[in-house]
Amino acid sequence: MKIERNNDIENKFEIGDIVTLNSHPLFVNNFKKISEFPGLVPPLMIVKEVFFERKENKKVFSSDIENAQIADLIKYNCVYFNANKSEFCEKVIYESFLRTYKELKYYRVKDKEGNDIKIPKEKQLIPEVLNYNVLTDYNYGEVIQFKTKKLEHRKSYENSFEKLPGISYQTPNFIVSGLKKQTQEDLFYNNGGKKKIVPSKLLKVTWFNHFQNKMCEHFLPFCFFVKELKI
């Protein structure tokens, strides 16, 4: 439920939050291996920017069917890594289509008798990601990792192998190669309401793109990355 405050609506997700589409099978698989074909499983994404629409400028409900919602007043620019093409992708998605990764139910390892092996909370994947110390300092040439790396790596499929052409969202390690300030302009409407939320500075990362056989670069927020993440 969105809450009205001073002519604003409150965004559910913040910059740096890990999200995915509501249709991700790990929300409803009851800790079983994913039965869907790997190519049908959506990526885990990180919020880069938040955009707010004004009620008077946005058609949220259908003009043909009463109370039928057809859009949102909040949308997010979300980033994921396409491993097949070895590139970052950015997609603008409505808030109603997204859900936090904290509710994902990862496959549970079983013992020889078929019972779930109880794993201490400090060694469970979701709590581990929640406790990540995201990158805050700048060190040229440092090796860092995208925050979704372990989450994507740990997906388990029932009848298929994740590493099939065109469907992997696993990420390589990245090298810190630059930074820049993000322009903080046009953030509010004339009435003072929020128009968008963008990061104040961006980190440039470099990696080898196997698909294009060259080095590639991309600017992303510092909070997208972590150090010393072990797989």
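Tutor: A residue is called buried when its relative accessible area is under 20%, exposed when the value is over 50%, and partly exposed in between (1.4 Å probe, protein chains only). By that rule, 44% of the 231 residues in the protein are buried. This is a predicted model, in which local features need pLDDT of at least 70, side-chain atom pairs count only at pLDDT 80 or more, and totals for chains, interfaces and linings use all residues. Residues are numbered from 1 along each chain as its sequence is written, and side-chain values use heavy atoms, with hydrogens and water left out.

Student: How many helices and strands are there in the protein?

Tutor: Both are DSSP runs numbered from the N terminus: helices are H or I with at least four residues, strands are E with at least two. The protein has two helices and 13 strands. Its C-alpha atoms fill a box of roughly 60 × 50 × 35 Å along the principal axes.

Student: What share of the contacts joins residues 24 or more positions apart?

Tutor: A contact means heavy atoms within 4.5 Å. Counting contacts with a separation of 6 or more, 66% are between residues 24 or more positions apart.

Student: How do I read a nonpolar core, and which residues have the most contacts inside the largest one?

Tutor: A nonpolar core is a set of buried Ala, Val, Leu, Ile, Met, Phe, Trp, Tyr and Cys residues joined through side-chain atoms within 4.5 Å. The largest has 34 residues, and Phe88, Phe146, Leu151, Phe174 and Phe225 have the most contacts inside it. At least two residues of this core come from each of S5, helix H1 (125-130), strand S8 (143-146), strand S9 (173-181), S11, S12 and strand S13 (225-226). Leaving aside residues up to four places away in sequence, Leu151 touches Ile18, Leu44, Tyr101, Tyr106, Leu125, Ile126 and Val129. A second, separate core has 17 residues, among them Phe13, Val47, Val60 and Ile93.

Student: How many salt bridges does a search of the whole structure find?

Tutor: Side chains of opposite charge can pair when their charged atoms come close. A salt bridge is a side-chain nitrogen of Lys or Arg within 4 Å of a carboxyl oxygen of Asp or Glu. The search finds nine. In one of them, Lys48 pairs with Glu90, with the closest N and O atoms 3.0 Å apart. Lys48 is in strand S4 (residues 45-52) and Glu90 in strand S6 (residues 87-94), so this pair links distant parts of the chain, 42 residues apart. Lys48 is buried at 9% relative accessibility, whereas Glu90 is partly exposed at 32%.

Student: Where do Glu53 and Lys75 lie?

Tutor: Their side chains meet in a salt bridge (3.1 Å, N to O). Glu53 lies in the loop between S4 and strand S5 (74-82), and Lys75 in strand S5, 22 residues apart. Glu53 is partly exposed, with a relative accessible area of 22%, and Lys75 is partly exposed with 21%.

Student: Is Lys204 buried or exposed?

Tutor: Lys204 is buried, at 17%. Lys204 forms a salt bridge with Glu217, with the closest N and O atoms 3.8 Å apart.

Student: How many disulfides are there?

Tutor: A disulfide is a pair of cysteine sulfur atoms within 2.5 Å. The search finds zero. Cys89 is in no disulfide, and the nearest cysteine sulfur, that of Cys216, is 12 Å away. Cys89 is buried at 11% relative accessibility, and Cys216 is buried with 13%.
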